[in-house]
Amino acid sequence: MKKIAIMGAMPEEVAPILKKIGTYKTTEYAGNKYYEATYNGVELVVAYSKIGKVFSTLTATTMIEHFSCEVLLFSGVAGGINPELKIGDLIVATKLSQHDLDITVFGHPMGYVPEGSVFVETDKDLLALSKEVADELGKNVIEGVIATGDQFVHDEKVKANIVKHFNADALEMEGGSVAVVCNALNIPFFILRAISDTADTDASFSFDEFMESSAIISAEFIMKMVDKVISK
Ligand code: SAH
């Protein structure tokens with residue numbers, strides 16, 4: 001059975017996962033803590049990266065290259081764009097982009113750099129497994145595009161611009177970079193987010209109120225994903 005990486009960006013996103021796992025070994029590496037455990041016979045490595053594309057790139061790479069993880073599951077919170085997504089609802093990424101990657105002055109589309117791609121697609125098998133989990137839990141999980149950038153979006157105009165370029169359903173600050181890492185290193189990955197706010201003028205207040213409860217909703221689903229991956 002493959003060694004599984006479970007990643008979040010903030011402590012609150014991995015706390016419910018560590019609670020469920022119970023006992024684990026803590027290793028400090030490259031300025032972060034990595035929590036190693038055996039869970040139902042499978043090796044897990046859990047970590048929160050700290051916020052943003054750079055820290056999440058470092059952590060995803062470390063989990064794969066240093067801790068030898070072979071599949072990566074991300075759990076966390078996001079700002080909703082798709083009006084169907086309410087606070088606490090789950091979105092699974094089908095593909096991700098970097099909404100703040102801009103060399104458009106050279107005639108390229110937003111989010112594109114030479115030898116890269118605007119979107120990175122997530123693993124189809126893990127998507128299929130998440131459908132099974134959603135059905136079993138009787139949960140409505142939306143599949144869609146997630147846009148990532150190094151900013152907390154709290155503005156309708158910024159949101160509209162992200163929709164224009166990427167037709168995104170949700171936005172956050174780590175998924176797109178984790179996707180680039182996993183794609184380059186050939187690691188199947190899955191990005192799940194529960195909505196904490198809707199990236200509008202009230203976003204920071206909504207985030208403060210709902211981040212923890214939404215992080216728990218996402219973490220619970222991720223642990224069901226782990227069970228599902230193990231059962232296959
Ligand atoms: N409250 C934190 C900062 C949170 S930044 C502090 O003061 O330390 C927002 C985090 O949640 C990021 O990890 C990002 O991935 C996610 N997120 C949720 N809503 C978001 C939004 N509207 N825009 C960007 N990221 C968002």
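User: How far is a nitrogen atom of the ligand from an N or O atom in the side chain of Asp 197?

Analyst: First, a word on the source: this is a predicted model, where local features need pLDDT of at least 70, side-chain atom pairs count only at pLDDT 80 or more, and totals for chains, interfaces and linings use all residues. Residues are numbered from 1 along each chain as its sequence is written, and side-chain values use heavy atoms, with hydrogens and water left out. A polar contact here is a pair of N or O atoms within 3.5 Å. For Asp 197, the distance to that ligand nitrogen is 2.7 Å. Backbone N or O atoms come in too: Met 173 has one 2.9 Å from a ligand oxygen, and Gly 79 has one 3.3 Å from a ligand nitrogen.

User: Which residues are closest to the ligand?

Analyst: A residue is near a molecule if one of its heavy atoms lies within 4 Å of it. Here 18 residues surround the ligand, and the closest are Val 153, Met 173, Glu 174, Asp 197 and Phe 207.

User: How many disulfides are there?

Analyst: A disulfide is a pair of cysteine sulfur atoms within 2.5 Å, and the count here is zero. Cys 69 is in none, as the nearest cysteine sulfur, that of Cys 182, is 9.9 Å away.

User: Is Cys 69 buried or exposed?

Analyst: Buried means under 20% relative accessible area, exposed over 50%, and partly exposed in between (1.4 Å probe, protein chains only). Cys 69 is buried, at 3%, and Cys 182 is buried too, at 0%.

How values were computed. A polar contact is a pair of N or O atoms within 3.5 Å; within protein, one must be able to donate a hydrogen and the other to accept it, and residues adjacent in sequence count only if both atoms are side-chain atoms.
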